[in-house]
Amino acid sequence: MRELFPGVYAQNGLFYTRNSLKGFKVHGEKLLQDKGSEYREWNPNQSKLCAAIAKGIKHMPITKESKVLYLGAAHGATPSFVADIVGSKGEVYCIEVAPIAMRDLIAVCEKRGNMIPILADARKPEDYEEIGSVDVVFEDVADPQQAEIMNANARFLSKGGYALIAIKSRAINSIEEPAHVYAKVKKILAEAFEIEQEIPLEPFEQDHLFLVLRKK
Ligand SMILES: C[S@@+](CC[C@H](N)C(=O)[O-])C[C@H]1O[C@@H](n2cnc3c(N)ncnc32)[C@H](O)[C@@H]1O
């Protein structure tokens, strides 16, 4: 097992995290035993963060002991891999607006000590400001105002803090050329962030651009 980044592993072209709860799976992923540790297969077709890793992210800001604000936690699949990476001394604040997804999310969080479910709208960061400052903001909400949501949540980062965003072109404008959509989104994000890396997510996700951002 080769460690690509702290807590992120690869073997034979597949990606893994070290399972912090032996036997735990979110969606039937394979578990692999290696030298006394259990690894959980992380599928880049099912997780935009894993797709960004597969496509060559240069700097992975989510690391051991990170405190992460995760916007659009859905059923807790990718957040659970983030929870493996940050480990027991890290924290993952999982923001989700849909009550139905929240039910599954709570079930995942209950099994893990470092995931905190929060039923809230990511457009209203004032509703969860008690989380305090974080090391990384991660956003995966398919919303026409993705960039504005990220800028609003930049308040949780210090200068130089990192943010990661998966931009879904079709959710912002279903008919406009993705390159034009990305240009507009980047302009809005530039109010609060410098762009450190741009990663197109094809072939794992069509018309998605992943950005590594640093707070100005
Ligand atoms: C593409 S899914 C996220 C998948 C998840 N990141 C994963 O990889 O497991 C997008 C999620 O964002 C949520 N969402 C959309 N708008 C939101 C908002 N304004 N605030 C919080 N969550 C939102 C949706 O309900 C949905 O569950």
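Predicted model: local features only at pLDDT ≥ 70, side-chain atom pairs only at ≥ 80, totals over all residues.
View 1. Aspartate 121 has a side-chain N or O atom 2.8 Å from a ligand nitrogen atom, while the side chain of glutamate 96 brings an N or O atom to 2.6 Å from a ligand oxygen atom. On its own the ligand would expose 610 Å², and the protein buries 79% of that.

**View 2. Around the ligand.** Count 16 residues surrounding the ligand; the closest are Tyr70, Thr78, Glu96, Asp121 and Asp140. Thr78 turns up again in the next view, as one of the buried residues of H2.

**View 3. Helix H2, mostly covered.** H2 runs through residues 77-86, and ten of its ten residues are buried. Serine 80 belongs to this helix, and it counts as buried because its relative accessibility is 0%. Looking past neighbours within four places in sequence, serine 80 is in contact with Phe24, Val26, Arg40, Val108, Arg112 and Met115. Just after H2 comes glycine 87, with a positive phi of about 75°.

**View 4. Tryptophan 42 and the cores.** The largest nonpolar core has 38 residues, and Trp42, Leu49, Ile62, Leu164 and Phe210 touch the most other members. Setting aside residues up to four places away in sequence, tryptophan 42 touches a list of residues including Phe15, Leu49, Ile53, Thr78, Phe81 and Ile85. Another core, of 30 residues, lies apart from the largest one, with Tyr93, Tyr128, Phe156 and Ala163 among its members.

How values were computed. Residues numbered from 1 in each chain as written. Heavy atoms only, no water. Buried < 20%, exposed > 50% of the residue type's maximum accessible area, 1.4 Å probe, protein only. Helix = DSSP H or I, 4+ residues; strand = E, 2+ residues; numbered from the N terminus. Contact = heavy atoms within 4.5 Å. Core = buried A, V, L, I, M, F, W, Y, C linked by side-chain atoms within 4.5 Å. Near = heavy atom within 4 Å. Polar contact = N/O pair within 3.5 Å; in protein donor to acceptor, adjacent residues only side chain to side chain. Areas by Shrake-Rupley, 256 points an atom, 1.4 Å probe, with all protein chains shown as cover.
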